[in-house]
Number of protein chains: 2
Amino acid sequence: MNMTPVTGDVRQRILNTGQVIIGGKGFSAVGLNEILKAAEVPKGSFYHYFSSKEAFGEALLEDYFSDYLAQTEERLTQPGASHAERLLSYWAHWRDTQHHCDPSGKCLAVKLAAEVSDLSERMRRVLQHGTERIIARLAQSIEAAAADGSLPQSVNIHGSALELATTLYQLWLGASLRAKITRDRVPLDAALKATYALLNLDPNLSLTQERTQS
Amino acid sequence: MNMTPVTGDVRQRILNTGQVIIGGKGFSAVGLNEILKAAEVPKGSFYHYFSSKEAFGEALLEDYFSDYLAQTEERLTQPGASHAERLLSYWAHWRDTQHHCDPSGKCLAVKLAAEVSDLSERMRRVLQHGTERIIARLAQSIEAAAADGSLPQSVNIHGSALELATTLYQLWLGASLRAKITRDRVPLDAALKATYALLNLDPNLSLTQERTQS
DNA sequence: CGCCTGATTAGACCAGTCGTCTATAAGGGG
DNA sequence: CCCCTTATAGACGACTGGTCTAATCAGGCG
């Protein structure tokens with residue numbers, strides 16, 4: 001009766017391998033054949049699950065953001081830490097996952113935004129919605145951090161939490177983009193430092209190194 | 001005897017039309033045919049001027065950064081303004097040129113960085129060198145602005161001018177990337193505001209609107 | 001004028017693109 | 001047992017991709 005688990009098996013495998021390959025080479029540069037061969041899925045099946053390459057791209061982005069948001073939610077609610085600490089843990093994790101070249105850890109938003117937003121209106125909208133939700137989630141934590149006192153009150157002078165979250169997210173987007181160019185972590189370290197500055201935090205507040213809760 | 005102007009005529013035309021088209025659609029998504037037809041250059045000629053599409057991409061980026069740096073140099077040395085004003089004029093100009101969809105005003109660094117840096121090591125290096133030069137030029141102006149007193153002295157607390165320039169450039173890179181997603185100027189306005197904050201400047205210091213020198 | 005040399009172009013080439021289409025296989029329900 | 005929907009399988013079409021060889025052209029010199 002519930003048919004999605006059955007179809008979802010193959011469909012999800014296409015999405016997963018597609019995410020790795022497209023996350024590495026981009027959208028236009030990758031052909032369906034390459035993905036399908038890697039996923040060991042015949043071509044005929046592809047068009048059973050997706051009506052076109054563009055529709056597949058949409059599903060890919062939706063799937064990606066869905067996972068990413070769940071993962072972020074978990075990180076921003078980990079127990080035994082203040083909201084500010086959780087936020088810093090989020091960005092420290094971003095830095096640690098983006099600087100080395102883990103193929104499956106690539107951020108699709110960074111990789112595909114520029115290429116895809118001029119190519120497909122539908123994919124652009126998925127990107128827009130996804131990034132908006134991430135920023136909104138960050139803003140929520142920023143507000144909570146201001147409320148629980150783990151952020152200096154002077155932060156709110158700069159504007160609303162949503163604005164601050166927007167700025168910080170874009171800062172990290174740009175840092176990740178430049179890290180792709182330089183292939184080192186310098187851009188991300190600069191972003192982390194700027195994050196401390198924009199949040200009016202003491203730069204030596206530790207947590208620059210990611211750590212599990214003790 | 002000087003043959004480059006003759007060959008350069010066709011070569012440059014390929015580069016110019018290529019910049020517009022690739023700046024709009026990306027690198028992999030555009031075929032040589034499209035560029036050459038638009039430039040009214042026969043296909044066979046292409047490989048007389050460029051040894052491959054990748055080599056063309058390199059030349060394209062070099063040409064772009066060369067123009068961009070010259071334009072930036074001019075803006076950062078315009079007479080009758082303090083160094084801080086010139087810097088703010090630079091970013092205000094960035095905002096004004098990126099938010100609307102002028103096809104030839106597209107920033108190739110934003111458009112191509114993610115796509116190309118994993119695709120071609122040679123193109124990646126051109127991007128790296130180009131962005132490094134821009135950042136270095138910005139750092140030079142930041143230092144000058146600190147020296148002539150048009151920036152608050154408190155700015156230097158955050159670190160060296162090069163670090164600050166790196167952060168600001170990446171901030172704008174990310175803002176432009178997100179502006180491609182949202183198709184409005186909100187991300188760029190946020191970046192301008194954050195720029196004021198990172199430079200410890202009064203947000204109401206005018207110059208948020210671009211203006212010609214009076 | 002005739003020839004030669006190098007710059008320029010025309011178009012063939014094949015691998016690869018997305019997407020379509022027919023044919024087969026699997027899995028229940030009646 | 002048949003039927004019907006869902007899913008798999010991959011050949012095929014029309015087309016475009018980047019690349020390269022072979023022909024053309026321009027023009028200076030003998």
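At what angle do helix α4 (residues 53–75) and helix α7 (residues 121–147) of chain A pack? I started my notebook with that one.

**Before going on.** I am looking at a predicted model, where local features need pLDDT of at least 70, side-chain atom pairs count only at pLDDT 80 or more, and totals for chains, interfaces and linings use all residues. Residues are numbered from 1 along each chain as its sequence is written, chains are lettered from A and ligands numbered from 1 in the order in which they are written, and side-chain values use heavy atoms, with hydrogens and water left out.

**Entry 1: α4 and α7 in chain A.** I found an angle of about 5 degrees, with the axes 9 Å apart. Axes are lines fitted to C-alpha atoms, for helices over the stretch in contact, and angles run from 0 to 180 degrees between N-to-C directions. Helices are DSSP runs (H or I, at least four residues), numbered from the N terminus. So α4(A) is roughly parallel to α7(A) (angles under 35 degrees count as roughly parallel, over 145 as roughly antiparallel). I then looked up who touches whom, contact meaning heavy atoms within 4.5 Å. The α4(A) side includes Leu61(A), Phe65(A) and Leu69(A), and the α7(A) side includes Val126(A), Leu127(A) and Ile134(A). By class, this contact has eight nonpolar, three polar and eight charged residues. Here Ala, Val, Leu, Ile, Met, Phe, Trp, Tyr, Cys and Pro count as nonpolar, Asp, Glu, Lys and Arg as charged, and the others, Gly among them, as polar.

**Entry 2: α5 and α9 in chain A.** I checked helix α5 (residues 83–99) and helix α9 (residues 186–198) of chain A, whose axes come within 10 Å and cross at roughly 170 degrees. Therefore α5(A) and α9(A) are roughly antiparallel to each other. Among the residues that meet are Trp91(A) and Arg95(A) from α5(A), and Leu192(A) and Tyr196(A) from α9(A). I noted six nonpolar, three polar and two charged residues in this contact.

**Entry 3: where the chains meet.** I see 42 residues of chain B in contact with 42 residues of chain A. The two chains bury about 3700 Å² between them, 60% of it on carbon and sulfur atoms. Buried area is the accessible area (1.4 Å probe) that two parts lose on being put together, summed over both. In chain B, Gln170(B), Arg178(B) and Ile181(B) lose the most area to chain A, together 19% of what that side buries.

**Entry 4: salt bridges.** Which residue of chain A forms a salt bridge with Lys180(B)? I found Asp118(A), with the closest N and O atoms 2.9 Å apart. Lys180(B) lies in helix α8 of chain B and Asp118(A) in the loop between α6 (108–117) and α7 of chain A, so the pair joins two chains. A salt bridge is a side-chain nitrogen of Lys or Arg within 4 Å of a carboxyl oxygen of Asp or Glu. I also noted Asp118(B) with Lys111(A), at 2.9 Å from N to O.

Notes. Angles under 35 degrees count as roughly parallel, over 145 as roughly antiparallel, 65 to 115 as roughly perpendicular and the rest as oblique.
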